[in-house]
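Hi,

Here is the structure I promised to pass on.

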Amino acid sequence: MESLYILIPLSLLLIIFIAWILHWAIKNDQFEDLKGPGDAILMDDDSPKHQ
Amino acid sequence: MSTSQQNHCYHCNTVTEDDSCLKQDLGGVSYNFCCSGCLAIALTIHSEGLDMFYARRSQVNSKPSIDLLNNAIPDRLLAYNDSSLSHRFLRSTDDTQLFETTLRLEKIRCAACVWLCEQHLLKQKGVKSIHINYVTQKAKVIFNPQITNLAQLIFEIERIGYEAWPYESSLSADNAKKERRNLLNRVGVAALGMMQVMMYAWPSYVKTGDLTPEFSLLLNWTSWLLTLPVILYSSKPIFQSAWHSVRFFANSRQLNMDVPIALALGLSFITGTISTILQNGPSYFDSLTMFVAFVLLARYFELLARQDALSGAEALAKQLPAICEKYINYSQDSKTKSIPVVQCQLDDVIRVSPGEIIPVDGTLINSSSAVDESLLSGESKPINKYVGDLVYAGSYNQQNPINIVVQAMGQSTRIGGIASLLDQALSTKPFLLSKSEKWAGYFVIFLILAALFSSGFWLFVDSSRAWTVLVAVLVASCPCALSLAIPTALTASQGTAAQMGLLIVRGHMMESLTKVSDLILDKTGTITLGKPKLIEIVNLRQDYSFETALAVASAMEDGQTHPLANAILEAQQYRNIKPIILSNPVINEIGKGLQSGHFRLGNSKFIGIEPVAKEGLYGQVHLADEEGLIASFIFLDESRPGVNDLLSQCSQKGITVHLISGDDTNTVKWWATQYKIDHYRGSFTPEDKYNYVQDLQNEGRFVLAIGDGINDAPLLASANVSIAVGSGAPLAKAGADGILTTYSLAPLAKIFKLADKTQSIIRLNLLWAFIYNVIAIPVAMMGWINPWIAGIGMSLSSLLVTLNAWRLRKV
């Protein structure tokens with residue numbers, strides 16, 4: 001149980017890190033278009049190039 | 001390939017007769033095309049190897065409206081390269097060579113359209129990168145102005161069948177984005193705090209024997225640390241708005257919903273902190289953070305919907321062209337220059353080509369033309385304008401190039417006046433606090449009173465438990481299920497409505513639809529398309545047949561832009577009749593008709609006969625030669641599909657239907673009898689429509705309005721609930737609560753059913769939250785609450801409410 005003394009501060013650091021990632025993502029327009037990119041990945045032409 | 005007589009255009013799916021369609025071989029397969037425009041688009045797409053677009057698109061494209069045959073950039077676009085405009089549309093980037101611009105796209109309908117636009121633009125020289133936002137339909141393009149330019153980019157988008165305008169970001173748009181991000185950040189912090197605090201609360205719920213006091217202390221203080229940002233940062237707007245409401249209570253005499261919420265949050269955080277310091281009971285930080293996260297999430301969705309709604313002034317800017325052709329020195333020569341409309345001065349002379357939108361109010365000088373004012377007035381037929389007549393911004397010039405002396409610009413135009421009437425209607429529109437929201441408000445107040453009362457009671461009986469009971473009542477009652485009951489149901493039904501083709505702009509729509517007592521329909525553009533169709537040819541002379549008469553008429557109308565001319569040409573193309581070759585040039589006598597040699601085509605006065613007596617017509621045109629009348633062409637307005645579905649649904653629900661229009665009373669009457677509508681009014685101005693709704697509302701009726709034109713905007717804004725028909729004017733959309741994107745009106749009948757179902761699910765959700773609380777609150781008041789059971793009960797009730805709302809995904 002003594003491991004909690006390390007694990008809990010670690011989890012706090014982790015949550016700060018995640019909050020920072022979230023902030024970064026919002027700042028970089030990651031939440032501006034929630035529909036397009038999901039479809040866009042299906043539109044990628046990955047059939048082998050002929051010619 | 002299909003071998004039937006009828007073939008569908010490969011690009012736009014228009015049906016063409018087998019012989020008349022164009023055939024083209026693309027990659028070894030022969031395809032049919034209805035017109036050269038569609039063919040040009042398909043060739044462009046094929047030449048770049050983007051054929052996959054046709055396999056992947058989920059909706060067919062519309063017929064291109066712009067002539068794409070010559071590869072040159074049209075003049076109307078070249079004006080965008082003017083250096084006086086570059087500071088408005090271009091932004092510099094980190095790389096000094098490159099500039100960034102935002103384009104607003106139109107006609108984007110599916111993910112394949114986005115893909116096609118991106119791929120096509122990326123293949124252009126000088127384009128560095130492009131990113132299209134599917135939701136806002138805006139494209140951010142980074143390009144090198146040395147190699148390509150704004151006009152070229154817009155032209156390339158038109159070449160593949162879409163339309164684009166440069167978008168000028170306004171201060172209000174920037175602020176809206178900031179507000180959105182700000183709230184999302186707060187939601188994120190609250191959600192992270194909620195998840196983490198719940199994890200720390202878990203050991204105290206399961207009560208394993210291992211949890212010694214020092215670990216319990218550690219967990220409690222960590223929870224407190226994580227709740228701190230949720231209270232100080234995430235809930236800040238709630239506290240601010242509550243404080244604002246309390247401060248101005250003396251003036252406003254009412255408190256908003258944030259006051260009880262802020263009170264509950266503040267109280268439970270303070271008591272939680274005290275019990276953490278004294279180590280004498282549960283702190284309930286998990287419930288607290290969860291409550292904040294859900295409240296903010298609901299507000300975020302509300303904000304998104306609210307920001308989608310345009311203001312009248314913003315829509316006005318979209319409605320009018322940004323550029324006009326001004327004579328540099330009208331009295332001396334005919335040199336023109338494209339300038340931004342904002343730089344126009346009073347008494348400037350500008351030129352408007354046929355097929356263009358008139359950008360200002362002004363008087364005609366030196367030539368006459370026919371002008372389509374249907375969006376402004378609802379009048380379905382083009383109006384002849386002669387020298388000295390006033391033409392209005394926002395109407396279409398249809399026949400001749402005209403010169404206009406500028407009389408009014410921007411806000412002071414007729415259309416600007418309609419826009420301000422719209423804004424006025426929107427601002428005075430009563431804020432519809434839904435019944436369920438009111439309920440929730442009363443519930444929170446009741447909750448606070450109950451908590452204070454029970455804690456007061458315990459103060460006398462056992463003062464050590466007063467605090468605990470106070471918090472237990474506030475938190476163990478299920479604020480989550482209650483705060484989720486309405487937003488989850490609304491979000492789910494909005495998604496379903498969008499799939500059916502109705503975009504909901506203002507959130508009250510679903511609740512309001514269930515209360516509608518009267519439906520007001522606009523005629524032109526709503527139940528009819530405002531587009532004439534040749535229905536029959538009468539008075540046919542012996543020596544002519546249906547086909548030969550049409551062949552002569554279409555030869556004369558070739559190249560004319562009048563709607564009746566289009567209808568004749570459409571009928572000729574549909575029946576695949578070859579126009580005759582005229583030996584004499586066609587002379588256009590404005591407002592009367594056309595003449596070519598001895599052939600004359602025009603209205604009854606021009607030919608010198610009595611008009612065909614028939615009601616409800618869009619119009620009639622007569623063909624004659626030196627021997628007299630050859631034939632009379634009869635036109636009827638085309639009706640929008642699905643009107644009958646909507647009307648039968650209305651009669652089922654006992655809704656009174658009104659048909660009102662700016663068109664003349666006889667035509668409106670004819671359409672009303674056609675659809676068996678008892679209440680109809682014609683020749684209505686936008687102000688008349690606005691008053692008509694007000695009168696109905698004063699009688700206590702609940703009005704739904706459906707319309708499409710600029711003249712409908714005040715009507716749509718003042719009605720209790722309103723829907724704009726998709727292809728309509730941006731101003732009409734700004735006034736409406738919802739936008740119908742489908743061509744047919746039939747989905748609206750289904751939307752009515754969806755609205756009823758949404759209401760019943762919201763009621764069910766609230767009922768569940770109520771029953772849960774009726775049981776939970778007395779238990780908490782008695783001080784019997786067990787945090788472990790409260791936790792499970794709360795999660796389950798929230799889950800139940802969400803799953804119940806999920807049922808609205810399918811109808």
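Predicted model: local features only at pLDDT ≥ 70, side-chain atom pairs only at ≥ 80, totals over all residues.

Start with helix 24 of chain B (residues 665–674), whose buried residues are B:Thr667, B:Val668, B:Trp670, B:Trp671 and B:Ala672. "Buried" here means under 20% relative accessible area, "exposed" over 50%, and "partly exposed" in between, with a 1.4 Å probe and protein chains only. Helices (H or I, at least four residues) and strands (E, at least two) are DSSP runs, numbered from the N terminus. Those buried residues of helix 24 pack against strand 21, strand 26 (628–639), strand 27 (656–660) and strand 28 (679–681) of chain B. Just after helix 24, B:Lys676 takes a positive phi of about 55 degrees.

Residues are numbered from 1 along each chain as its sequence is written, chains are lettered from A and ligands numbered from 1 in the order in which they are written, and side-chain values use heavy atoms, with hydrogens and water left out.

Now the two chains overall. Chain B has 29 helices and 31 strands, and 53% of its 811 residues count as buried. Take contacts (heavy atoms within 4.5 Å): among those in chain B between residues at least 6 apart in sequence, 67% join residues at least 24 apart. The accessible surface of chain B (Shrake-Rupley method with a 1.4 Å probe; for residues, only the protein chains shown count as cover) comes to about 36900 Å², and 57% of that belongs to carbon and sulfur atoms.

Chain A has two helices and zero strands. Buried residues make up 22% of its 51 residues. It exposes about 4200 Å², with carbon and sulfur atoms supplying 69%.

How do the chains meet? Helix 1 of chain A and helix 8 (residues 213–234) of chain B pack at an angle of about 10 degrees, with their axes 11 Å apart. That makes the two helices roughly parallel. On the chain A side the contact is made by A:Leu4, A:Tyr5, A:Ile8, A:Leu12 and A:Ile15, and on the chain B side by B:Glu214, B:Phe215, B:Leu218, B:Leu219, B:Thr222, B:Leu225 and B:Leu226. For the geometry, axes are lines fitted to C-alpha atoms, for helices over the stretch in contact, and angles run from 0 to 180 degrees between N-to-C directions. Under 35 degrees counts as roughly parallel, over 145 as roughly antiparallel, 65 to 115 as roughly perpendicular and the rest as oblique.

There is also a nonpolar surface patch, formed by A:Tyr5, A:Ile6, A:Leu7, A:Leu10, A:Leu13 and A:Ile16, with about 630 Å² of accessible area together. Patches are made of residues with over 30% relative accessible area and no salt bridge: like charges are joined within 9 Å, nonpolar side chains (Val, Leu, Ile, Met, Phe, Trp, Tyr) within 5 Å. A:Leu7 is found in helix 1 (residues 4–27) of chain A and counts as partly exposed at 46% relative accessibility.

On to salt bridges (a side-chain nitrogen of Lys or Arg within 4 Å of a carboxyl oxygen of Asp or Glu). The count over all chains is 18. A:Glu32 pairs with B:Arg180, their closest N and O atoms being 2.6 Å apart. A:Glu32 lies in the loop between helix 1 and helix 2 (36–43) of chain A and B:Arg180 in helix 7 (residues 171–206) of chain B, so this pair joins two chains. Both residues are buried.

Within chain B, the side chains of B:Asp625 and B:Arg541 meet in a salt bridge (3.1 Å, N to O). This pair links distant parts of the chain, 84 residues apart: B:Asp625 in strand 25 (residues 619–625), and B:Arg541 in the loop between strand 21 (528–538) and helix 20 (546–557). B:Asp625 and B:Arg541 are both buried. Elsewhere, salt bridges that share partners join A:Asp29, A:Glu32, B:Lys140, B:Lys177, B:Arg180 and B:Arg181 into one network.

At 0% relative accessibility, B:Thr758 counts as buried. Leaving aside neighbours within four places in sequence, B:Thr758 is in contact with B:Ala489, B:Leu490, B:Ser493, B:Met510 and B:Leu808.

Cheers
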